[in-house]
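Please keep the sequence and the model open as you read.

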Amino acid sequence: MRSQPTRILVVGGGYVGMYTALRLQSKLKAGEASVTVVDPQPHMTYQPFLPEAAAGSIEPRHVVVPLRKALKRCHVLTGRVTKISHADKVATVELPDGHVEELGYDVLVSALGSVARTLPIPGLAERGIGFKTVGEAILLRNHVLSRMDLAATTVDPELRRRLLTFVVIGGGYAGIEALAELEDMSRYATRYYENIKPEDMRWVLVEATGRVMPEVSPRMGVYTVERLAERGIQVYLDTRVKSMVDGHVVLDDGTEFDSETIIWTAGVKANPVLENTDLPRDARGRVRCTSTTQIEGLRDAWSAGDCAAVPDLAKIEQDPQATCSPSAQHAVRQARQMADNIVAVLRGKQPKPYRHKHVGSVASLGLYRGVAELFGVRVKGFPAWFIHRTYHMSRMPTFNRKFRIVMDWTLALLFRREVVSLGQINDPKADFVRAARS
């Protein structure tokens, strides 16, 4: 019998990390185990709400959940795991003050998630703006509105055209929702500019494959493109970006134009920290797992979410190599099953496989517009938009955050949008430095 509680180390505080820790702290008995969560950020970001945060429909602070506030029975450590040696059961952590610690553990939960998948495109690192964090959502909102401010004051037609051209690269859920919400916001903002009309703006979507949102049926993908086209948004399918040096965008079909705003949402890849571990990985860099979310060959190590290759039992008959797609829906469900399995193993029981039934997909296309497929039924327009909001609100952890988001939506319904750029937060000390040097 153990004299000390089992030490459970959760590496990552995103969907998987936070939901796993939440369930563990509710399931574990006092003294049965200790749970430590390590993440560079002190909060979990609910990414499906980032487009609405960028558009101003939700207060940005309300799409994040403070880890210490939610995980009261866990130890939360703000730091970056740089290496994991499971053979020694030690994780190396770099803390904010620069010093490095080694954390020992008995049970590992790898919840490192994913990072933006970039390509060697000239100019991407300098000009591209990602869309995975709340900071990037705030930056994009301020950036789009500040481009409109500049365009309203310039007399140079070429510069004005460049400022009012906005490009989104990647036609998955993130790209479509970011594009739709930001275009909706900027279109609304034109009512406050005397010399900018909606038709003066150019919004462009570039997608390398032949369809958008592969998670929905081809028919719903076509419907989505048609709705975007009705709003004047240009959609380039089967098209790749060759270069974006100095904001000059060159597509492989020969199209060229200049833009001050290039948003990159072209997929994700497993967190590269996994390269510094001795965990088994697949060809895509994800941790190889069994259907119980246990890491292959390791009884005391677990993983789920974007960084894990978990067999998709719903598709295994059609494709024996099928794994669960990187989505919030899978991450939340896997985290709950994984937490239950960890508790079961600690108590000498057998873990259960993660098995899911695909309910459907939902996506927002801007205020009061959306698409959804539920149990094979296609829903469009306002009903789909309402389902989208209801579903994601129900998945937002803690009553506190649910209530705040509903209040944000209620206030947005009763009052007009706030369309002001707070660009000063990108460099808040600039004015003070200028005053000090004058």
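Tyr-368 sits in the loop that joins strand E23 (360-364) to strand E24 (370-374); helices (H or I, at least four residues) and strands (E, at least two) are DSSP runs, numbered from the N terminus. This is a predicted model, in which local features need pLDDT of at least 70 and side-chain atom pairs count only at pLDDT 80 or more, while totals for chains, interfaces and linings use all residues. Residues are numbered from 1 along each chain as its sequence is written, and side-chain values use heavy atoms, with hydrogens and water left out.

Tyr-368 is not a glycine, yet its phi is positive, near 70°. Thr-293, also not a glycine, has a positive phi of about 75°. The loop that holds Thr-293 runs between strand E20 (287-288) and strand E21 (301-303). For accessibility, buried means under 20% relative accessible area, exposed over 50%, and partly exposed in between (1.4 Å probe, protein chains only).

| Residue | Relative accessibility | Class |
|---|---|---|
| Thr-293 | 0% | buried |
| Tyr-368 | 37% | partly exposed |
| His-143 | 15% | buried |

His-143 belongs to helix H5. Setting aside residues up to four places away in sequence, His-143 touches Ile-129, Glu-260 and Thr-261, where contact means heavy atoms within 4.5 Å. His-143 and Leu-422 are 279 residues apart in sequence, but 8.9 Å apart in space, C-alpha to C-alpha.

Helix H5 (residues 134-153) also packs with helix H7 (residues 173-189), at an angle of about 35° and with the axes 11 Å apart. Here, axes are lines fitted to C-alpha atoms, for helices over the stretch in contact, and angles run from 0 to 180 degrees between N-to-C directions. From H5, the contact uses Leu-140, Arg-141, Val-144, Leu-145 and Met-148, and from H7 it uses Leu-182, Met-185, Ser-186 and Ala-189.

Lys-132 is buried but has no salt bridge, and the nearest side chain of opposite charge, Asp-306, is 4.9 Å away. A salt bridge here is a side-chain nitrogen of Lys or Arg within 4 Å of a carboxyl oxygen of Asp or Glu; Lys and Arg count as positive and Asp and Glu as negative, with His and the chain ends not counted.
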